[in-house]
Amino acid sequence: MAKLYFYFAAMNAGKSTVLLQSSYNYRERGMNTLLFTPAIDNRYQHGMVHSRIGLSEQALIFNPEDDLYQHVLAQEKKYACILVDEAQFLTRAQVHQLTEITDKLGIPVLAYGLRTDFRGELFEGSQYLLAWADELVELKTICHCGRKATMILRLNAQGNVITEGEQVVIGGNDMYSSTCRLHFKQREPGVTRVIKEQVTEY
């Protein structure tokens, strides 16, 4: 039976790399995959899932009002797997649509995303993936202190921690730092982010 999987982590855990590797594994065996990426993520070329190590693959762009189940039905190809990048940006309705893809169409869905935001609060997509996914898989990265990083801090241009603001502000390593819970509570992003990145490619 097909399942809905949620692979979650803090930033810089290699989520997109794992997604692209999973897609490659299917394609290498002659099976088609369909990738989704949110329109809101404008860090790289639109319509592409891109990893920090240089891998990329074409994807369908989705907006909050899009019906992912209908998108899959409208495709001419038969797909062996659906993969969703930055799944924290899904809506409640879209997570339900992913369950319909697995339950009605019998296609496994692999969703990859953040669990919490810079305030330590769940994203809407993550909340319902945690509630409704058949399998939950944590992808690990580390804090600057060496502990497992489970939280995210948002930084301003001066590198100081920001504790208030809109939930969604798109940015990369210049704006966010993954930390353990202790340093999240202490609002300490650390000063070894470059070193940390070098050791967190799984």
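Two strands are said to pair if DSSP finds at least two bridges between them, and strands themselves (E, at least two residues), like helices (H or I, at least four), are DSSP runs numbered from the N terminus. The structure discussed here is a predicted model, in which local features need pLDDT of at least 70 and side-chain atom pairs count only at pLDDT 80 or more, while totals for chains, interfaces and linings use all residues. Residues are numbered from 1 along each chain as its sequence is written, and side-chain values use heavy atoms, with hydrogens and water left out.

By that criterion, strand E9 (residues 151-155) is joined to E10 by two bridges, the two strands running antiparallel, and Leu155 has Val161 in E10 as its bridge partner. These strands belong to an open sheet of three, ordered E10-E9-E11 with antiparallel pairing. Because E10 (161-162) and E11 stand at the edges with a single partner strand each, one side of each is left without a neighbour in the sheet.

Strand E11 (residues 176-179) contains Tyr176, one of the residues at which an unreviewed UniProt entry places the feature "binding site", together with Val168, Val169, Ile170 and Gly171; such annotations may be inferred rather than shown by experiment. Tyr176 has a relative accessible area of 8% and is therefore buried, where buried means under 20%, exposed over 50%, and partly exposed in between (1.4 Å probe, protein chains only). Its side chain makes a polar contact with the side chain of Arg154 at 3.1 Å, a polar contact being a pair of N or O atoms within 3.5 Å, of which, within protein, one must be able to donate a hydrogen and the other to accept it, and for which residues adjacent in sequence count only if both atoms are side-chain atoms.

Turning to another part of the chain, Gly47 lies in the loop between strand E2 (33-38) and strand E3 (48-50), and its relative accessibility of 6% counts as buried. When neighbours within four places in sequence are left aside, Gly47 is in contact with Thr37, Glu57, Gln58, Ala59 and Ile61, contact meaning heavy atoms within 4.5 Å.

The cysteines remain to be considered. The structure holds zero disulfides, a disulfide being a pair of cysteine sulfur atoms within 2.5 Å. The sulfur of Cys145 has its closest cysteine sulfur in Cys143, and the 3.7 Å between them is too far for a bond. Cys145 is partly exposed at 34% relative accessibility, whereas Cys81 is buried, with a relative accessible area of 0%.
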